[in-house]
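Student: Hey, can we go through this model together? I'd like to start with one of the helices.

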Amino acid sequence: MKPVKKPHQIRIIGGEHRRTMIDVLTHDGLRPSSSRVRETVFNWMMHQWGGVFEDKRVLDAFAGSGAFGLECVSRGVREVVLLDTHAPAIAQIQKTLHKWQAGKGIVARQQDVLTLKTGTFDWIILDPPFGQDWLSKILPAIAPLYHADTWLYVETEINADVSMLSENDWICIRSGKTTQVQYGLWQQTTQNP
């Protein structure tokens, strides 16, 4: 196993902890979403939820740096589950949550999302490691985790095939690209006749 490198920092962009710098460990495959992408995505969700985050339940399925899940915590989401299989990354997120004195509905744990079986979420965030065909593995596995009004955020490498989302009855409502990533906000087609 490679040694864990020293952390670098990213900035929380909104909510109670706006402008707070959080430590992020550097390890292979970890690439925190840029502030610009996070700001765009949270603006989309502000519009979709009418600015109300407090009554929501969010799953950050590949938490990594914790950037998305911690943004949710900062914005007052009542229940946030941050999962990752990399123990040092989860430990770093837990340090931040402890420092913030996050409530009991906020959980960061070392777990593979494919093993999560309980509860449904209002927003599922999927930002899996690049080049490992995670979407085809995870879409069937998350079916028990969403309800008719769940939003799905997906971030992948720029040329990744995301057609399996449509094949699994998701429709893209908003999307964007940077030089390295493509990202979008998806909803079940049953809600969009």
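Student: Which exposed residues sit on the face of H1 turned away from its buried side?
Tutor: That face of H1 carries Arg 36 and His 47. Exposed means over 50% relative accessible area, buried means under 20%, and partly exposed is in between, using a 1.4 Å probe and protein chains only. Helices here are DSSP runs of H or I with at least four residues, strands are E runs of at least two, and both are numbered from the N terminus. Keep in mind that this is a predicted model, where local features need pLDDT of at least 70 and side-chain atom pairs count only at pLDDT 80 or more, while totals for chains, interfaces and linings use all residues. Residues are numbered from 1 along each chain as its sequence is written, and side-chain values use heavy atoms, with hydrogens and water left out.

Student: OK, and which residues in H1 are buried?
Tutor: Val 37, Arg 38, Val 41, Phe 42, Trp 44 and Met 45. They cover an arc of only 150° around the axis, so they are on the same side of H1. The arc is taken from the directions from the helix axis to the C-beta atoms.

Student: Why would residues a few places apart point the same way?
Tutor: An α-helix has 3.6 residues a turn, so residues three or four places apart point the same way.

Student: What covers the buried residues of H1?
Tutor: The cover includes strands S1, S6, S7, S8 and S9, along with helix H2. Contact here means heavy atoms within 4.5 Å.

Student: Arg 38 was in that list. Is it buried or exposed?
Tutor: Arg 38 counts as buried, at 0% relative accessibility.

Student: What does Arg 38 touch, then?
Tutor: Leaving aside neighbours within four places in sequence, Arg 38 is in contact with Ile 10, Arg 11, Ile 12, Ile 13, Ser 33, Ala 67, Phe 68 and Glu 71.

Student: What about Arg 75, where is that?
Tutor: Arg 75 is in the loop between H2 and strand S4. Arg 75 counts as buried, at 17% relative accessibility. Among the residues Arg 75 touches are Phe 42, Phe 53 and Glu 54, not counting those up to four places away in sequence.

Student: Switching topic: how do the axes of H2 and H3 cross?
Tutor: The two axes come within 11 Å and cross at roughly 10°. That makes H2 roughly parallel to H3. Axes are lines fitted to C-alpha atoms, for helices over the stretch in contact, and angles run from 0 to 180 degrees between N-to-C directions. Angles under 35 degrees count as roughly parallel.

Student: Which residues meet there?
Tutor: From H2 you have Leu 70, Val 73 and Ser 74, and they meet Ile 93, Thr 96, Leu 97 and Trp 100 in H3. The contact divides into 5 nonpolar, 2 polar and no charged residues. Nonpolar covers Ala, Val, Leu, Ile, Met, Phe, Trp, Tyr, Cys and Pro, charged covers Asp, Glu, Lys and Arg, and the others, Gly among them, are polar.

Student: Last one: what's the phi of Arg 19?
Tutor: Arg 19 has a positive phi of about 75°, although it is not a glycine. Most residues other than glycine have a negative phi. Arg 19 lies in the loop between S1 and S2, and Arg 19 is exposed, with a relative accessible area of 56%.

Terms used:
Angles under 35 degrees count as roughly parallel, over 145 as roughly antiparallel, 65 to 115 as roughly perpendicular and the rest as oblique.
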